[in-house]
Amino acid sequence: MPDIQKPFHFSSFDFVTVKTSAETHKISRTDGAIRISDLCVECEDDGQAFAIYLTAATSAVEWIRFRWNKPLPKQARILGDAWERGYGDLEWRGISGNRFFPWYFLASTEDTQYGFGVKTRPSAMCYWQADTRGITLVLDVRCGGEGVLLNGRRLKAAELVYMEEKGTDSFRFAQDFCRILCPDPIFPKIPVYGSNNWYYAYGMSSEEEILSDTDYVLELTKGAKHPPFMVIDDCWQEHHRLDEYNGGPWRCGNSKFPDMKGLADKLVQKGVHPGIWVRFLLNEDTAIPDDWRISHNGCLDPSHPDALEYIRQDVRRICEWGYELIKHDFSTFDLFGRWGFEMNPLVTHGGWHFHDRGMTSAEVVKALYQAILDVTKEYNAIIIGCNTIGHLGAGLMHANRTGDDTSGRNWERTRRMGINTLAFRLPQHKTFYDVDADCVGIAGNIPWSFNRQWADVIAESGTPLFVSAKPGLLNDTEQEELRQILVKASAQDCHKIPADWKETDCPEVWEDENGQIIYNWYDESGSSMESNDSLFHITIPLQ
């Protein structure tokens with residue numbers, strides 16, 4: 001059997017399978033372009049990347065699958081990425097044909113590291129599989145849940161990258177591989193850290209409370225190298241209905257937030273950078289025509305030029321109010337109707353398409369991210385994505401919330417989601433964007449001994465640290481410990497990495513050239529038993 005330990009080349013694929021709405025074609029490898037009826041698949045290797053192009057005149061193309069019958073060494077451990085956020089499920093594991101790896105995967109043996117991936121911002125939704133007999137790549141080029149109609153357009157679906165090194169550390173290799181995958185990242189010009197009261201207020205907030213939180217975070221950051229951010233989360237918008245509706249319109253605040261521009265001015269006067277949360281695609285503005293909306297859920301459709309312009313105006317309004325950081329949320333769920341753990345492996349169900357049938361889903365996502373960036377550039381605002389597709393947003397957003405929500409109420413949720421995403425997506429920090437592992441929720445429900453460590457490991461990693469700290473809960477000693485951690489986070493000079501990330505899904509040994517810190521994430525009585533039925537998922541094969 002051919003072995004990957006011999007020189008690997010993407011051009012040596014064994015099979016290509018092309019699925020259209022009408023039929024499925026399986027083709028053995030040929031040296032030239034693959035032509036089937038009115039469609040053509042072409043491959044170009046420039047020595048740096050292996051580009052895959054698709055052209056079709058009338059066929060509605062759904063996906064392309066490449067197969068290399070060249071297995072990895074059987075003793076290899078494999079780490080993959082996620083469609084959007086991680087859900088506490090990122091880890092190094094042995095080879096399993098049941099797993100799928102969105103965007104890229106890493107394989108590690110005792111002496112060799114391997115990387116297989118697509119460069120950031122492809123025009124297809126891409127995932128890999130590795131089994132004991134070979135490697136598979138699927139390029140999902142659908143428009144929503146139906147085949148894309150390219151009408152003769154030549155689509156650059158993806159650029160494939162392979163990397164192999166002997167005698168190197170798996171984490172450093174992962175960082176280097178991510179740098180190759182993303183040649184044009186953008187980063188905040190100043191350290192992003194500060195306060196966001198979501199994990200103690202959970203939407204029950206007001207201008208007065210935000211101003212009080214601002215005073216508290218300023219007290220907690222005395223002596224900091226840079227001023228903190230104060231981020232207003234879900235609670236401020238005109239139609240906000242607690243635990244019922246968190247969408248737009250985004251034209252003004254509500255009775256608890258009577259003057260959004262005035263509030264931004266007050267935050268600046270106090271000495272913080274104002275930030276704000278928004279969900280652009282969910283909007284019950286009755287003036288929005290039905291054809292601007294996605295058919296299966298009524299959210300705004302970025303493939304419609306008028307809908308995209310409407311979103312641009314929302315972004316511009318918020319920037320003109322004076323908010324220097326925009327955290328936009330829920331766009332992946334609003335576009336595709338699934339959370340990342342439900343994308344198994346296709347990102348959405350069939351039977352629907354976006355307004356512009358000639359755009360792939362990946363192109364629609366990129367158009368949304370690009371539009372937001374284009375507006376914020378004029379105001380030098382920072383973009384943080386949440387429930388965004390990081391591989392499509394790298395280069396179009398400054399930071400990305402890479403894991404599902406932590407908690408101010410339940411330590412087990414923070415341990416599972418927060419530490420996992422910080423460790424296993426840390427190679428994307430300062431290579432794709434700034435990695436945001438979510439907040440430290442200080443609401444009185446979680447022992448300070450755990451929250452102190454959680455805040456500290458974020459600061460030690462050099463990534464953005466946000467705290468949801470309810471004033472008055474910490475005693476003087478605890479408050480001083482948090483202040484020292486936030487001052488450290490304000491500089492982002494530390495860069496500790498998880499030394500034991502290949503042994504556990506919740507790394508506790510973090511180190512850099514200055515030393516090692518060992519954290520303890522578990523209660524002596526053991527982890528709490530709670531249902532995780534909502535996170536159960538299986539791989540559904542392509543039909």
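Trainee: Before we start, which pLDDT do local features need here?

Mentor: In this predicted model side-chain atom pairs count only at pLDDT 80 or more, totals for chains, interfaces and linings use all residues, and local features need pLDDT of at least 70. Residues are numbered from 1 along each chain as its sequence is written, and side-chain values use heavy atoms, with hydrogens and water left out.

Trainee: Let's take strand β11; how many of its residues are buried?

Mentor: Strands here are DSSP runs of E with at least two residues, helices are runs of H or I with at least four, and both are numbered from the N terminus. Buried means under 20% relative accessible area, exposed over 50%, and partly exposed in between, with a 1.4 Å probe and protein chains only. β11 covers residues 125-131 and is largely enclosed by the rest of the structure, because the buried ones number six of the seven.

Trainee: Which residues have the most contacts inside the largest nonpolar core?

Mentor: A nonpolar core is a set of buried Ala, Val, Leu, Ile, Met, Phe, Trp, Tyr and Cys residues joined through side-chain atoms within 4.5 Å. The largest has 160 residues, and helix α7 (residues 361-377) gives the largest share, eight residues. Apart from it lies another core of 12 residues, Val-192 and Phe-466 among them. In the largest core, the residues with the most contacts are Trp-128 and Ile-232.

Trainee: How do Trp-236 and Trp-321 pair: stacked or edge-to-face?

Mentor: Rings of Phe, Tyr and Trp (its six-membered ring) pair if their centres lie within 6.5 Å; planes under 30 degrees apart count as stacked, over 60 as edge-to-face and the rest as tilted. There are 40 aromatic pairs in the structure. This one links the loop between β16 and α4 to helix α5 (residues 305-321), 85 residues apart in the chain, and both Trp residues are buried. The centres are 5.8 Å apart and the planes at 85 degrees, so the pair is edge-to-face.

Trainee: Which ring does the charged end of Arg-154 sit over?

Mentor: A charge sits over a ring if NZ of Lys or CZ of Arg is within 6 Å of the ring centre and within 35 degrees of the ring normal. Arg-279 does this over Phe-330, at 3.9 Å from the ring centre. For Arg-154, at 3.8 Å from the centre, the ring is that of Tyr-53.
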